[in-house]
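Here are a few exercises to work through with the viewer open. Try each task before you read its solution.

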Amino acid sequence: METYKNLKDKILETYSVNSAFLNQTNFLTGIRDKAITHFDTLGFPHNKLEDWRHTKLTGVLENDYSICIEDSDGNVDVNKFFHCDITDLNTYTAVLLNGWFAYKNTPITKLADGTIIASLTHALKEFPEIVKKHYGKYCDIEKNAFEALNTAFALDGIFIYVPDNVIVDKPIQIISILNKKENILVQPRNLVIVGKNSQLKLVHCDDIFSHTPTLTNSLTEIFVDENASVDHYKMQNNDNHSALIATTYFHQKANSKLSSNTITLNGGFIRNNTNVAINGENCETNLYGIYLVDGNQIIDNHTFVDHIKPNSTSNEIFKGVIDNQAKAVFSGKILVRKDAQKTNAFQTNKNILLTDEATINTKPTLEIYADDVKCSHGATVGQLDHEALFYMRSRGISEDNAKMLLMYAFTDEVITKISIEPLREKICQLVNKRLKGELSICDQCVMHCGCDEAVVFNIDMSKI
Amino acid sequence: MLSIKNLKVSINGKKIINGFNLEVKAGEVHAIMGPNGTGKSTLASAIAGKENYVITEGSILYKGKNLFDMAPEIRSREGIFLGFQYPVEIPGVSITNFMKTAVNEHRKYKGLEPLTGSAFLKLMEEKKKVVELQAKLSNRSVNEGFSGGEKKKNEIFQMAMLEPSLAILDETDSGLDIDALRIVANGVNKLRTKDNAFIVITHYQRLLDYIIPDFVHVMYDGRIVKSGGKELAFELEEKGYDWIKKELEEKST
Ligand SMILES: Nc1ncnc2c1ncn2[C@@H]1O[C@H](COP(=O)(O)OP(=O)(O)OP(=O)(O)O)[C@@H](O)[C@H]1O
Ligand SMILES: [Mg+2]
């Protein structure tokens, strides 16, 4: 086996060795080559970059990952080791196993209403015109190393196409599972297109079971056409050895509505980049997030809302409970361009730190070039409200339960925004359990990961 | 039931309660009146167990037990209830959830099974009627966005749910309109038995027309300076507190 100086060298080497294979699909040839060149120039992000100032990647990049360019799992029955915890959640599901579309026998599903759910590999072959129109059009491979890297290597992922005038009758659920014994780098690439006047609820679950270090660099582009509406839920429940860079680009056209919820219940290292380009008038954009972290976990949410056209409203609420030595970062950027008059843009980030070692770096950035706008942002870092605790205890509620109720209430503002009822109930329960320290990753994992010891991450009540 | 002897309480190094004495027996209603800032609410909070109050001297016995050995939640489960002068808003916690947790913790303490959902809701309905609390309030967060009067009614509702042996009502009448005052007072009277006791803190004699006290005490500078029957409240209403202050000055010189 060859040894590499570092991960970057290994990646570049892997690319050049496999370049012919990677470039089989014609229209991607130029794109991949460009992307790898950008990656080479940019290199992995480091702390001198403003966007990575508070989040160290070094630990993540020290590991030796194998870079799979071929699907080694073959045709596996995902049901054998994974059942969605949310039994009442009636969805169309698409599963990615270690980055590859899992249902080998049905790589393309067409619903009666014309909606397509497919493996991206197959979509490239079957619907090249649709894919080409949007693929890589919203991300920025010149600026962002991870996006360049994903673009250079992306081989599979989920493709969803909702034609014009369709209200998809059930939510579509993407389940991205990592379950491998070896260290792997996985780079799923998803593309979601929602046509004019159409409506889609999309649930995106990341479940990383592997107990070895893994690095997932996922990139998802979601196009929301005129007058369309998208409800997006990102559920993250990952093993502590895992690192996840989850980048999502939304592109909204006029009169469209987007609501995106990022719910992080567990994860070793998570960096979420959520970008929204509001490229049409009269749009509504809601970005919500909850993160509950403890131990040595790192959660970094970077959001960017780009108001390009006038008369739109964006609203952002992120809330976190941070225990032990866990680290959280929130960076919310709002850009209101010169043409984007009559923009309303609001942002809040609220945090509860449970220990002295827990940290949060929160930074709002407002760049406003239009003169007729309403913008506000606010960040709070605090402990639980002592007056409220005393009030509750004076009614006979134990200190632990009072703290639980308060923490739960703290996250409630975001949870109530979840519009899929069974999902909201399940998340309620998960958050509740998580706050009680009863639950590690998810019940699923404890049952199926093959790990001998159940890992329990406590939020230690006595420290609040 | 309650025996407070020579109680002295400081907050942040400042003496607030200064040699307070009070004996309350089952079946009694005591009214405490007194100028603003004389320590009435501090006394109430000290009985309920508020932290960061430093008890520098004295004792409080409740049903023969030392109160200082009990956490606030234990005091509550043992039957002490404080109706807050300023009820706290708890966004995100519904009254139903809040009360269910409280009632079931009380039951657990007594060795009883928790109430089922439907039994609990039935109890809520019943008790809401006692204070004519509007139905829609129970789905809202505790006190959040409640009007002043609604907050006070909510305190009495909680009292009715928990059925305390000793209830301390801190200015529950302030901010109530005339009808609400009557409703709240009736609520209290309905809960009154020979086995429980009330300490009613108020600024207005009017409340005492409805809740007839056995004793009226005047608190000044952190202690009781005068006690009497309900006629003392009329005297205060008429003459204010100056004459009491004068009496005190004369005594000290
Ligand atoms: N946390 C605190 N820190 C410092 N001083 C305090 C604190 N809490 C109360 N005090 C002071 O203690 C004194 C008594 O306050 P308290 O609220 O008990 O008065 P009160 O008799 O209930 O008055 P009111 O009739 O206005 O309700 C006041 O001077 C008040 O400012
Ligand atoms: Mg007071």
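Rings of Phe, Tyr and Trp (its six-membered ring) pair if their centres lie within 6.5 Å; planes under 30 degrees apart count as stacked, over 60 as edge-to-face and the rest as tilted. Keep in mind that this is a predicted model, where local features need pLDDT of at least 70, side-chain atom pairs count only at pLDDT 80 or more, and totals for chains, interfaces and linings use all residues. Residues are numbered from 1 along each chain as its sequence is written, chains are lettered from A and ligands numbered from 1 in the order in which they are written, and side-chain values use heavy atoms, with hydrogens and water left out.

**Exercise 1.** Work out whether the rings of Tyr138(A) and Phe223(A) are stacked or edge-to-face.

*Solution.* First, the ring centres are 5.9 Å apart. Next, the planes meet at 15°, so this pair is stacked. Now place the partners: Tyr138(A) is in the loop between helix 5 (128–134) and helix 6 (145–153) of chain A, while Phe223(A) is in strand 11 (residues 214–224), 85 residues apart. (Helices, H or I of at least four residues, and strands, E of at least two, are DSSP runs numbered from the N terminus.) Last, check burial: Tyr138(A) is buried at 16% relative accessibility, and so is Phe223(A) at 9%. (Buried means under 20% relative accessible area, exposed over 50%, partly exposed in between, with a 1.4 Å probe and protein chains only.)

**Exercise 2.** Say which side-chain atoms coordinate the magnesium ion (ligand 2), and where their residues lie.

*Solution.* Look for donors, meaning N, O and S atoms within 2.8 Å of the metal (3.2 Å for Na, K and Ca); water is not among the atoms, so sites may look incomplete. You'll find OG of Ser41(B) and OE1 of Gln85(B), at 2.0 Å. Ser41(B) belongs to helix 1 (residues 40–48) of chain B and Gln85(B) to the loop between strand 6 (80–83) and strand 7 (90–94), so the pair ties together parts 44 residues apart in sequence. As for accessibility, Ser41(B) is partly exposed at 23%, whereas Gln85(B) is buried at 16%.
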